[in-house]
Amino acid sequence: MADGRGPRAVLDFGDPEFLIDPYPALARLRSRTPVGWHEPTGRWLAAGHAEASTVLRDRRLGRFWTDREPAEVWEPFNTLHRNQMMENEPPVHTRLRTLVAQAFGRGHVERLGPSIAAAADALLDRVGPEFDLLTELAEPLAVTVIAELLGVPEADRHRLRPWSAAIVRMYEVSRTKSDEEAALTACREFADYLGRLAAARRAEPRDDLITHLVVVRDRDDRLSGPELVASAILLLNAGHEASVNALGGGVVALMRHREQWDRLVADRGLVPAAIEEFLRYDPPLHMFVRTAARDVVIGGVTVPAGAEVAALLGAANRDPQVFTDPDVFDIGRDPNPHLGFGAGLHFCLGAPLARLELRAALTALVARMPELKLAAEPPQRPTFVLRAFKEIRLRPSA
């Protein structure tokens with residue numbers, strides 16, 4: 001028992017060895033304490049699949065944004081998050097998500113299919129005898145896809161990834177003062193840019209998602225200016241981070257499990273299933289936090305009203321009660337009920353786009369570079385919530 005709170009969860013989110021490979025520690029936590037109190041972060045951790053799924057789906061648990069203090073310092077960050085669908089519950093969440101989903105539903109994602117495949121091929125045309133998967137394929141492809149969807153001019157796209165990377169550092173359990181300062185600067189610059197772009201689309205509409213969001217706002221007065229900017233930035237950030245890091249982690253897993261790569265080369269029909277295994281085996285997002293609106297029993301443990309509880313997605317995705325041989329990387333795994341895109345009300349709205357992009361990139365790699373190999377052991381980024389590599393050096397042939 002932990003101070004009357006229930007079972008104690010023991011994890012050191014700052015341990016360098018844990019950040020390199022968190023799965024052994026997550027497995028120990030899951031087997032001992034599927035739901036436990038974590039004193040260092042002051043929140044409950046849900047490590048089992050059933051327990052994490054409950055955290056994501058139970059409507060008694062929600063996202064209730066509280067501004068960071070001092071407010072005058074954190075204003076750019078607070079404004080951005082206060083107006084995001086991911087930080088709100090119904091009815092605000094319903095209104096924001098419906099508006100963005102309607103724009104997605106107007107065929108924007110579907111029309112990008114051929115251009116995504118062409119962009120992946122064009123990027124691989126330019127690589128040399130050794131290249132970095134992240135900077136030469138995954139990142140520029142992600143930027144191109146989400147920028148095309150939103151309507152960001154090509155001349156401005158180089159600014160998107162640095163802004164996104166700076167903001168998402170705020171979601172880590174451990175961060176520095178310089179991380180916070182960089183995030184505030186990025187929030188301010190990103191919001192100013194999107195505000196100007198929205199104004200330009202209002203004056204000169206085009207066939208892109210920003211235009212549709214502007215049109216809806218002007219017609220029905222349901223999207224405020226800050227809501228429009230926050231929605232666009234959320235899509236940009238989520239679109240970058242999930243697809244880039246899922247592709248990176250998945251390709252590294254393939255390179256480390258050569259028999260699975262050879263299996264994929266022999267049968268490209270396994271690409272969709274391989275993408276799902278990427279998202280299960282080494283997901284790009286490892287933690288999603290909710291707050292209890294009232295007392296909730298999860299896995300036999302009472303999470304009291306007002307307490308935060310985090311679903312540990314990487315731990316849940318390797319739960320042996322749900323997945324056979326959960327530590328085995330199997331690109332043909334079926335069924336595969338992973339939580340890589342979340343679940344419930346806040347299930348990733350951009351999941352279809354991310355899957356489309358990941359499949360295009362992996363198909364191009366398999367088709368064009370069947371002898372692909374790691375050129376060096378890839379260094380892990382020292383983060384947990386957003387799991388990623390610093391670089392992934394590859395050789396197209398021996």
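Predicted model: local features only at pLDDT ≥ 70, side-chain atom pairs only at ≥ 80, totals over all residues.
Two packed helices are described by the angle between their axes and the distance between the axes. For helix 7 (residues 133-150) and helix 11 (residues 225-256), the axes come within 9 Å and cross at roughly 150 degrees. Angles over 145 degrees count as roughly antiparallel, and the crossing therefore makes helix 7 roughly antiparallel to helix 11. The crossing is right-handed. On the helix 7 side, the contact is made by Leu133, Leu134, Leu137, Ala138, Glu139, Ala142, Val143, Ile146 and Leu150. They meet residues of helix 11 that include Ala232, Leu235, Leu236, Gly239, His240 and Ser243, and also Val244, Leu247, Gly248 and Val251. By class, the residues of this contact divide into 14 nonpolar, four polar and one charged.

Helix 11 also packs against helix 15 (residues 351-368), where the axes come within 10 Å and cross at roughly 35 degrees. This crossing, too, is right-handed. Here Ser243, Ala246, Leu247, Val251 and Leu254 of helix 11 meet Glu357, Leu358, Ala361, Leu362 and Leu365 of helix 15. The contact of helix 11 with helix 15 has eight nonpolar residues, one polar and one charged.

Strands of a sheet pair through backbone hydrogen bonds, either parallel or antiparallel. In this model five strands form an open sheet with mixed pairing, in the order 1-2-8-5-3. Strand 1 (35-38) and strand 3 (61-62) stand at the edges with a single partner strand each, so one side of each has no neighbour in the sheet. Within the sheet, strand 5 (residues 287-292) and strand 8 (residues 308-312) pair in the antiparallel sense over five bridges. In that pairing, valine 289 has alanine 310 of strand 8 as its bridge partner. Helix 3 (residues 49-57) lies across strand 1, strand 2 (43-46), strand 3, strand 5 and strand 8, and runs at about 125 degrees to strand 8.

The whole structure holds 25 salt bridges. One of them joins glutamate 87 to arginine 63, with the closest N and O atoms 2.9 Å apart. Glutamate 87 lies in the loop between helix 4 (71-82) and helix 5 (92-111), and arginine 63 in the loop between strand 3 and helix 4, so this pair ties together parts that are 24 residues apart in sequence.

Terms used: Residues numbered from 1 in each chain as written. Heavy atoms only, no water. Axes fitted to C-alpha atoms, helices over the stretch in contact; angles between N-to-C directions. Helix = DSSP H or I, 4+ residues; strand = E, 2+ residues; numbered from the N terminus. Parallel < 35°, antiparallel > 145°, perpendicular 65-115°, else oblique. Left-handed = near helix turned anticlockwise from the far one by under 90°. Contact = heavy atoms within 4.5 Å. Nonpolar A, V, L, I, M, F, W, Y, C, P; charged D, E, K, R; others polar. Pairing = 2+ DSSP bridges. Salt bridge = Lys/Arg side-chain N within 4 Å of Asp/Glu carboxyl O.
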